[in-house]
Amino acid sequence: MKQTMKGYLINFRPAFVWGIVGLAIVFASGWLFQSVALSPTLRILLALIPLIPACLFLYYLVKGIRGLDELQQRIYTETATLTFIVTVLMAFLFGSLQRAGLYTAKWDDIGNTMMFVWVCIYLLNDWRYR
């Protein structure tokens with residue numbers, strides 16, 4: 001295994017673990033919302049629990065990025081910036097489509113599309129700097 005790949009695995013392992021934990025909690029809470037009758041207080045608490053691993057994911061992601069060399073930091077920073085801009089534009093697009101009565105986007109649509117855009121922009125930036 002290349003030395004750079006080992007560095008990535010070491011830098012981003014905690015972020016990956018917290019991302020998987022957060023994803024599992026989101027799926028489990030979604031199942032509980034549909035399967036079990038819960039009190040409003042418990043529903044609110046259950047809805048907020050995924051924020052804990054999400055915050056830890058972001059913390060370790062930033063920490064991992066800071067452990068990279070300058071070029072990789074630039075690639076990640078440009079990717080995050082461009083993804084934010086494209087996501088804002090897509091939110092405006094989804095809002096316009098909804099006002100026109102053509103399509104009503106769910107929150108999952110925006111999040112999934114944002115992750116897809118992030119991957120595409122990262123691959124483009126990574127290829128551009130190679």
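Visitor: Which residue forms a salt bridge with Glu-78 in which the closest N and O atoms are 2.9 Å apart?
Guide: This is a predicted model, and the distances discussed here are computed from it. A salt bridge requires a side-chain nitrogen of Lys or Arg within 4 Å of a carboxyl oxygen of Asp or Glu. Glu-78 has such a partner, with 2.9 Å between the closest N and O atoms, and that partner is Arg-74.

Visitor: In which helix do Glu-78 and Arg-74 both lie?
Guide: The two residues are four residues apart, about one turn of the helix. The helix that holds both Glu-78 and Arg-74 is helix 4.

Visitor: Is Glu-78 buried, or is it exposed?
Guide: A residue counts as buried when its relative accessible area is under 20%. The relative accessibility of Glu-78 is 18%, and therefore Glu-78 is buried.

Visitor: Why does Arg-74 count as partly exposed?
Guide: Partly exposed residues fall between the buried class, under 20%, and the exposed class, over 50%. Arg-74 belongs to this middle class because its relative accessibility is 47%.

Visitor: How far apart are the closest N and O atoms in the salt bridge of Glu-78 with Arg-128?
Guide: Glu-78 forms a salt bridge with Arg-128. This pair links distant parts of the chain, since Glu-78 is in helix 4 and Arg-128 is in helix 5 (residues 107-128), 50 residues apart. Arg-128 is partly exposed, with a relative accessible area of 49%. The closest N and O atoms of the Glu-78 and Arg-128 pair are separated by 2.6 Å.

Visitor: Which residues are linked in a network of salt bridges?
Guide: Glu-78 forms a salt bridge with Arg-74, and Glu-78 also forms a salt bridge with Arg-128. The network consists of Arg-74, Glu-78 and Arg-128.

Visitor: With which residue does Arg-130 form a salt bridge?
Guide: A search of the whole structure finds three salt bridges. In the one formed by Arg-130, the closest N and O atoms are 2.8 Å apart.

Visitor: Which residues does Tyr-129 touch, not counting residues up to four places away in sequence?
Guide: Tyr-129 is found in the segment after helix 5 and is partly exposed, with a relative accessible area of 25%. Contact requires heavy atoms within 4.5 Å. With residues up to four places away in sequence not counted, Tyr-129 touches Leu-71, Arg-74, Ile-75 and Glu-78.

Visitor: How far apart are the end C-alpha atoms of helix 4?
Guide: Helix 4 covers residues 70-99, which is 30 residues. At 1.5 Å a residue, the helix should span 44 Å.

Visitor: Which residue with a positive phi follows helix 4?
Guide: The residue in question has a phi near 80°. The residue that follows helix 4 with this positive angle is Gly-101.

Visitor: Which residues make up the largest nonpolar core?
Guide: In soluble globular proteins, nonpolar side chains tend to be buried together. The largest nonpolar core of this model has six residues in all. One of its members, Ile-65, touches Phe-12, Gln-73 and Tyr-76, not counting residues up to four places away in sequence. The core is made up of Phe-12, Ile-65, Leu-68, Ile-75, Tyr-76 and Tyr-122.

Visitor: What accessible area do the residues of the nonpolar surface patch have together?
Guide: The patch is formed by Phe-16, Val-17, Ile-20, Val-21, Leu-23 and Phe-27. Among them, Val-17 is found in helix 1 (residues 3-35) and is partly exposed, with a relative accessible area of 42%. Together, the residues of the patch have an accessible area of about 580 Å².

Visitor: With which residues is Ser-29 in contact, leaving aside its neighbours within four places in sequence?
Guide: Ser-29 has its place in helix 1. Its relative accessible area is 7%, so Ser-29 is buried. Leaving aside neighbours within four places in sequence, Ser-29 is in contact with Leu-46 and Pro-50.

Terms used: Residues are numbered from 1 along each chain as its sequence is written. This is a predicted model: local features need pLDDT of at least 70, side-chain atom pairs count only at pLDDT 80 or more; totals for chains, interfaces and linings use all residues. Side-chain values use heavy atoms; hydrogens and water are left out. The expected span of a helix is 1.5 Å times one less than its number of residues. A nonpolar core is a set of buried Ala, Val, Leu, Ile, Met, Phe, Trp, Tyr and Cys residues joined through side-chain atoms within 4.5 Å. Buried means under 20% relative accessible area, exposed over 50%, partly exposed in between (1.4 Å probe, protein chains only). Patches are made of residues with over 30% relative accessible area and no salt bridge: like charges are joined within 9 Å, nonpolar side chains (Val, Leu, Ile, Met, Phe, Trp, Tyr) within 5 Å. Accessible areas come from the Shrake-Rupley method with a 1.4 Å probe; for residues, only the protein chains shown count as cover.
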